[in-house]
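Trainee: Could we go through this structure together? I would like to begin with how its parts are named.

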Amino acid sequence: MSDLLKVTIDGKSIEVAPGTTILQAARQIGDKYPPAMCYYTPLKNTGGKCRVCLVKVSQTSEANPRPIPKLVASCLTKVENGMVVENESSAEVLEARKGVVEFLLINHPLDCPICDQAGECDLQNLSYEHGTETTRYEEGRREFNKIDIGPHIQLHMTRCILCYRCVYAADQLTNSRVHGVLNRGDVSEISTYIQNSIDNDFSGNIIDVCPVGALTDKTYRFKQRVWFSKPYNAHRNCTKCSGKTVLWMKDENIIRVTARKNKFGEVEEFICNECRFDHRSKTDWVIEGVRDMGDDSVISANKYELPVVSPAVLVDSKFVSE
Ligand code: SF4
Ligand code: FES
């Protein structure tokens with residue numbers, strides 16, 4: 001008898017190994033998988049923070065055909081044999097996701113026009129797919145000053161959604177984590193311990209794992225909108241990491257170096273700070289070719305279409321919409 005477990009998600013079935021989560025099974029089906037703002041496959045113990053991956057389990061298992069009474073986080077819930085899951089096919093899930101996006105945006109500033117992450121921001125994409133056009137929030141938003149985290153990274157705490165990815169990245173990739181989440185609830189914030197800087201070979205990876213523009217690369221800030229830069233796969237011989245990167249070019253200049261990400265937005269191989277920050281000459285790299293960013297990227301498509309606006313007419317010296 002097979003040890004594999006059968007799960008059906010939005011009417012499509014797949015057999016997966018024991019221990020597989022609903023999110024991973026949905027990604028294996030590869031169609032419409034739940035979004036994830038905190039779960040990150042290359043990092044241990046991530047997930048369970050943001051709640052955007054909620055799904056409905058309408059049958060727990062073959063042996064227990066009852067539904068799970070509440071929506072569950074698909075990044076943490078493991079598949080059982082005969083489980084039936086509703087993701088995009090459930091109006092309840094879509095409504096809940098809309099609510100989660102609204103909560104994530106409560107304190108997030110709408111500063112996309114001046115944010116370096118615009119065009120490659122998971123929250124921007126999530127709001128586009130699952131958000132509402134207006135906010136009902138009338139209270140004051142959290143305010144913070146910008147914080148320098150070491151020589152290369154700047155923290156805009158106002159944009160942070162407290163996904164904890166950077167904390168796990170710093171904890172698991174470096175041997176001297178000096179930043180983390182201070183306090184709890186609505187006063188939680190990412191902070192460096194007594195303003196220590198993060199200064200070790202793999203600290204730059206916290207920029208890549210941040211799903212929003214909270215952690216930005218100081219060498220790239222305000223250099224270019226991402227959709228005007230050209231990404232190339234490149235590599236170099238590096239003694240600290242694989243040396244496999246993406247070079248972001250403006251004309252003939254390298255304006256940014258990042259790790260390569262897969263179609264789920266997750267880093268394939270973490271890179272060292274020397275590759276990321278210190279090699280900005282084309283002669284430092286073997287350029288492999290233009291990077292395919294996939295259909296979802298704003299670089300590949302005119303994703304953000306202009307709304308259709310009725311022509312304006314002049315009435316009493318003022319323009320008004322027809
Ligand atoms: S700074 Fe970015 S990666 Fe870190 S917790 Fe906030 S949103 Fe997540
Ligand atoms: S991705 Fe599942 S809770 Fe954040």
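Mentor: Helices and strands here are DSSP runs, a helix having at least four residues and a strand at least two, and they are numbered from the N terminus. Please keep in mind that this is a predicted model.

Trainee: How many helices and strands are there in the protein?

Mentor: The protein has 6 helices and 16 strands. It has 322 residues, of which 33% count as buried. Among contacts with a separation of 6 or more, 61% are between residues 24 or more positions apart.

Trainee: Let us turn to the sheets. In what order do the strands of the 5-stranded open sheet run?

Mentor: The order is β2-β1-β5-β3-β4, and the pairing is mixed. The edges are taken by β2 and β4 (72–73); each has a single partner strand, so one side of each has no neighbour in the sheet.

Trainee: Which helices pack on that sheet?

Mentor: Helix α1 (residues 22–29) packs on it and touches β1, β2, β3 and β5. The direction of α1 makes about 115 degrees with that of β2. Helix α2 (residues 91–104) also packs on the sheet, touching β3 and β5, and its direction makes about 155 degrees with that of β3.

Trainee: And how many bridges join β3 to β5?

Mentor: There are 3 bridges between β3 (residues 54–59) and β5 (residues 83–86), and these strands run antiparallel. Within that pairing, V57 stands opposite V85 in β5.

Trainee: What is the strand order in the open sheet of 4 strands?

Mentor: That order is β13-β12-β11-β14, with antiparallel pairing. Strands β13 (253–258) and β14 (286–290) form the edges, each with a single partner strand, so one side of each is left without a neighbour in the sheet. From one strand to the next, the twist averages 35 degrees.

Trainee: How is β11 joined to β12?

Mentor: Strand β11 (residues 230–235) and strand β12 (residues 244–250) run antiparallel and are joined by 6 bridges. H235 has K244 in β12 as its bridge partner.

Trainee: Where does W285 lie, and is this residue buried or exposed?

Mentor: W285 is in the loop between α6 (273–278) and β14. W285 counts as buried because it has 20 C-beta neighbours inside 10 Å, and the cut-off for buried is 20 or more. Leaving aside neighbours within four places in sequence, W285 is in contact with A234, H235, R236, L247 and H279. W285 and A234 are 51 residues apart in sequence, with 6.2 Å between their C-alpha atoms.

Trainee: What about K146, buried or exposed?

Mentor: K146 counts as exposed because it has 10 C-beta neighbours inside 10 Å. K146 is in the loop between α3 (122–130) and β6 (147–149). Not counting residues up to four places away in sequence, K146 touches Q154, L155 and H156. The C-alpha atoms of K146 and A214 are separated by 9.5 Å, though the two are 68 residues apart along the chain.

Trainee: A214 brings me to the ligand. Which residues are closest to ligand 1?

Mentor: The closest are C160, C163, C166, C210 and A214, out of 14 residues that surround ligand 1. The shell has 13 nonpolar residues, no polar ones and 1 charged residue.

Trainee: Which members of the largest nonpolar core touch the most others?

Mentor: Those are M37 and I206, in a core of 67 residues. Helix α4 gives the most to this core, with 5 residues. Beyond its neighbours within four places in sequence, M37 is in contact with C50, V52, D122, L123, L126, I161, C163 and P211.

Trainee: Which residues of α4 are buried, and what covers them?

Mentor: The buried residues of α4 are R165, C166, Y168, A169, A170 and L173. Their cover includes β8 (179–182), β9 (189–192), α5 (205–209) and β10 (215–217).

Trainee: One last topic: which backbone angles deserve a second look?

Mentor: Most residues other than glycine have a negative phi. Y164, in the loop between β7 (153–155) and α4 (165–173), has a positive phi of about 75 degrees. Y164 counts as buried because it has 23 C-beta neighbours inside 10 Å. D10, in the loop between β1 (5–9) and β2 (12–16), has a positive phi of about 50 degrees. With 18 C-beta neighbours inside 10 Å, D10 counts as partly exposed.

Definitions and conventions: Residues are numbered from 1 along each chain as its sequence is written. Chains are lettered from A and ligands numbered from 1 in the order in which they are written. This is a predicted model: local features need pLDDT of at least 70, side-chain atom pairs count only at pLDDT 80 or more; totals for chains, interfaces and linings use all residues. A residue is buried if 20 or more other C-beta atoms lie within 10 Å of its own, exposed if 12 or fewer, and partly exposed in between; C-beta atoms are placed from the backbone. A residue is near a molecule or strand if its C-beta atom, placed from the backbone, lies within 6 Å of it. Ala, Val, Leu, Ile, Met, Phe, Trp, Tyr, Cys and Pro count as nonpolar, Asp, Glu, Lys and Arg as charged, and the others, Gly among them, as polar. Two strands pair if DSSP finds at least two bridges between them. Axes are lines fitted to C-alpha atoms, for helices over the stretch in contact, and angles run from 0 to 180 degrees between N-to-C directions. A nonpolar core is a set of buried Ala, Val, Leu, Ile, Met, Phe, Trp, Tyr and Cys residues joined through C-beta atoms within 7 Å. Two residues are in contact if their C-beta atoms, placed from the backbone, lie within 7 Å.
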